[in-house]
Amino acid sequence: MTRTAAGAALEGKATTPPAADLQPMSDPDFSFTSASGSRRGFWWLVAFGLVVVMALVCATTFVVAWNRGLAQAQQAAGGRVDRYAANLKSTLDRYEYLPALVALHPFIHDLLDNPTPANVDRANRYLREVNDRAHASATYVIAPSGKALAASNYNQPDSFVGAEYRFRPYFQQAAEGHVGRFYGIGITREEPGYYISQPIMQDGRVIGVTVVKLNLEWFGRASHDASEPVMVADENGVIFLSSVPAWQYHTVEPLTPKLQAQLESTRQYYRKQITPLPLQPEAPAFVKLAGRLPEGAELVRIGERTNATRYLQVSRDLVEPDWTLMYLTPVDPVMSAARSATVASAFAFAFACLLLFYWRQRRLRMMEMLRSRRLLEAAYDQLERRVEDRTADLMATNEQLQHEIVDRTRAEAELRATQDELVQASKLAALGQMAAGITHELNQPLAALRTFSDNTRILLERGQHGAATDNLQAIADLTERMGKITAQLKLFAGRSRRKHSDVQVRVALDHTLALLRPRLGDVRLELHWRIPEAEAIVRADELKLEQVLINLVGNALDAINANEPAREGRIDIDIGPAEGTATQLNITVRDNGPGIPPDAMPHLFEPFFTTKEIGQGLGLGLAISTSIARDFGGALSAANVPGGGAQFTLTLVRTEATSAAST
């Protein structure tokens, strides 16, 4: 719309306003000046009615928000308690048949028929193996007299062997031919656990009992955080598992004297003082406000004070064993949400009232707005002129931006061409570095070839043809080895499938030290065997393993040469099993050089990274060694030694010495 058309439209509206708009003050419903005393009383009555309506709206909002939040909390708590119950039940079911399987083994029957020391020792070892594989706390066998004859912890100071269990309910149930299930604190170690017992039958009679003990303390720690507690109570109402440690070994309800005597006779919770937990149902008025809760859910509070924390308790019963799992979620967030919703509804109602008042005030101002229209027309004309000026400026700026875009496009094309040239230059540089890497890997075998050839010439002059023949064979082996070394750089670009075999570490070390002997000089080198040399056999490729060892020992020699001249060079090679496992072997090369700089440690195994001077190293040795170690199923790591020096640890998969000897 142009300025003239817009002005004409505004003028037409101004010159011919509706009659109703020109005389709003004549409406008696919106005139304050003509209001009488009775009119003021009417508005006071309207205000009182609005307050009553607001109170009803807030009360309804609070009840609806409270019930909806409580239903959502109950649904979420029900899902969590079902998961916890399923998790606990699945753990118990996994061990349900373990005692029965143990009872079928002939070692156990031989033990019960004739408890000689040999049968006892054989049964003990069998039980220990079964217990270790099943990851149970303990597995043991009890004679009909109630005395434990064998146990998986027979070799420990607090062994179950010889202990009396006649008073335990799980023994009594199994002695009667039934499956026994019992949770209690052990009388030997005083550790809580879940006991599953099975009768050992022979010719229709019970000749003994097998028992498996499980530690369930992990359930209380892994269940949830303290804000939403989880606890498990036995058939007597005693809480024996809880995510809140202070609630453990308390009762949901006070114990009767009969149950108290029963717990003392069975010593179920050995030396624990069982007291009631201050858990009580919520006040009736509060429960009535929550409406009808589903089965297994109730509102409770824990504590003696009236302002104690309120919880929504959702319970699930486990059939076997007869336990009850209880999940408590606090209802304070639900109460806060209901209060927030109530406040929001109050503000919304007040906003609606203010909106009505604003509409009334707007009607009163209509005449004033009509009188101000001419001023708005003038302002509109001025604004339109400014818009035209601004449009002209924007067009000029747009044209300038078009020129800048063309220049930027040309610069980007030149940048791409430059980047292509840089990529090509990087490829040529990498090709040159790979050639230098091959030279780096072949320097040591070439030095050994020179030494063997000089020795062969001297031996031939002396007429020692046998030794000369051995040297020639060594030269041939080194020549073949050099050919294979050039193929090892392919491991850096990709991993090919190789045929691995059993390699004796001693043989690989001998070949490595023979190649590096000219460089050793006055360096003190010691081998430390923490296992017999015949058992140091790994699954690898002999040539690749020697290549890794040459790189590690060669780097140690370089580090020693970079050290202070007055300090004696020393290299220690340690061979032994990896810590925590017997299936892996560690080969550690340690030197007394200056160590690895902290800023170089994160990049140590990256390709083409080196701490040596220019021309002394390409940075491929450790990268290739790492690739070889991974191909063997092992790893290569580095660390600084306290007191100075560095160590590199090569971890390889160990082969059993027996299998190696048979091959």
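Q: Which residue just after helix 18 takes a positive phi?
A: In this predicted model, the residue is G633, which sits just after helix 18 and has a phi of about 85°.

Q: And helix 18 itself, is it buried or exposed?
A: Helix 18, which covers residues 621-631, has 10 of its 11 residues buried, so the helix is largely enclosed by the rest of the structure.

Q: Which residues of helix 18 are the buried ones?
A: They are G621, L622, A623, I624, S625, T626, S627, I628, A629 and D631.

Q: How do helix 17 and helix 18 cross?
A: Their axes come within 10 Å and cross at roughly 140°, and the crossing of helix 17 and helix 18 is left-handed.

Q: Which residues meet there?
A: From helix 17 there are K544, Q547, V548, N551, L552 and N555, and these meet G621, L622, I624, S625, I628 and D631 of helix 18. Sorted by class, the residues in this contact of helix 17 with helix 18 are five nonpolar, five polar and two charged.

Q: What about helix 16 and helix 17, at what angle do they pack?
A: Helix 16 (residues 505-520) packs against helix 17 (residues 542-561) at an angle of about 35°, and their axes are 9 Å apart. The crossing in which helix 16 passes helix 17 is right-handed.

Q: Why give an angle as well as a distance?
A: Two packed helices are described by both the angle between their axes and the distance between those axes.

Q: OK, so which residues make the contact of helix 16 and helix 17?
A: On the side of helix 16 the contact is made by V507, A508, L509, H511, T512, L515, L516, R519 and L520, while helix 17 contributes E542, L545, E546, L549, I550, V553, G554, L557 and D558. By class, this contact of helix 16 with helix 17 has 11 nonpolar, three polar and four charged residues.

Q: Let's zoom in on T512, buried or exposed?
A: T512, which is found in helix 16, is buried, with a relative accessible area of 1%.

Q: What does the side chain of T512 reach?
A: The side chain of T512 reaches the backbone oxygen of A508 at 2.8 Å. Leaving aside residues up to four places away in sequence, T512 touches E546, L549 and I550.

Q: You mentioned E546, where is that one?
A: E546 is placed in helix 17, and with 1% relative accessibility E546 counts as buried. In sequence, E546 and L513 are 33 residues apart, and in space they are 9.6 Å apart from C-alpha to C-alpha.

Q: New topic: how many aromatic pairs does the structure hold?
A: The structure holds 12 aromatic pairs. In one of them, the rings of F160 and Y165 have their centres 6.4 Å apart and their planes at 65°, so the pair is edge-to-face.

Q: Are F160 and Y165 buried or exposed?
A: F160 is buried, with a relative accessible area of 4%, and Y165 also counts as buried, at 3% relative accessibility. F160 and Y165 form one aromatic cluster together with Y140.

Q: What about Y170 and Y195, what kind of pair do they form?
A: Y170 and Y195 form a stacked aromatic pair, with 4.9 Å from centre to centre and 5° between the planes. The pair links distant parts of the chain, since Y170 is in helix 7 (residues 169-175) and Y195 is in strand 4 (residues 192-202), 25 residues apart. Y170 counts as buried at 0% relative accessibility, and Y195 counts as buried at 2%.

Q: Back to phi: which residue has a positive phi of about 60° although it is not a glycine?
A: That is H135, which lies in the loop between helix 6 (117-134) and strand 1 (138-142). H135 counts as exposed, at 66% relative accessibility.

Q: Why point that out?
A: Most residues other than glycine have a negative phi.

Q: And what is the phi of D203?
A: D203 has a positive phi of about 55°, although it is not a glycine. D203 is found in the loop between strand 4 and strand 5 (205-214), and D203 is exposed, with a relative accessible area of 75%.

Note on methods. Residues numbered from 1 in each chain as written. Predicted model: local features only at pLDDT ≥ 70, side-chain atom pairs only at ≥ 80, totals over all residues. Heavy atoms only, no water. Axes fitted to C-alpha atoms, helices over the stretch in contact; angles between N-to-C directions. Helix = DSSP H or I, 4+ residues; strand = E, 2+ residues; numbered from the N terminus. Left-handed = near helix turned anticlockwise from the far one by under 90°. Contact = heavy atoms within 4.5 Å. Nonpolar A, V, L, I, M, F, W, Y, C, P; charged D, E, K, R; others polar. Phe/Tyr/Trp six-rings, centres within 6.5 Å; stacked < 30°, edge-to-face > 60°. Buried < 20%, exposed > 50% of the residue type's maximum accessible area, 1.4 Å probe, protein only. Polar contact = N/O pair within 3.5 Å; in protein donor to acceptor, adjacent residues only side chain to side chain.
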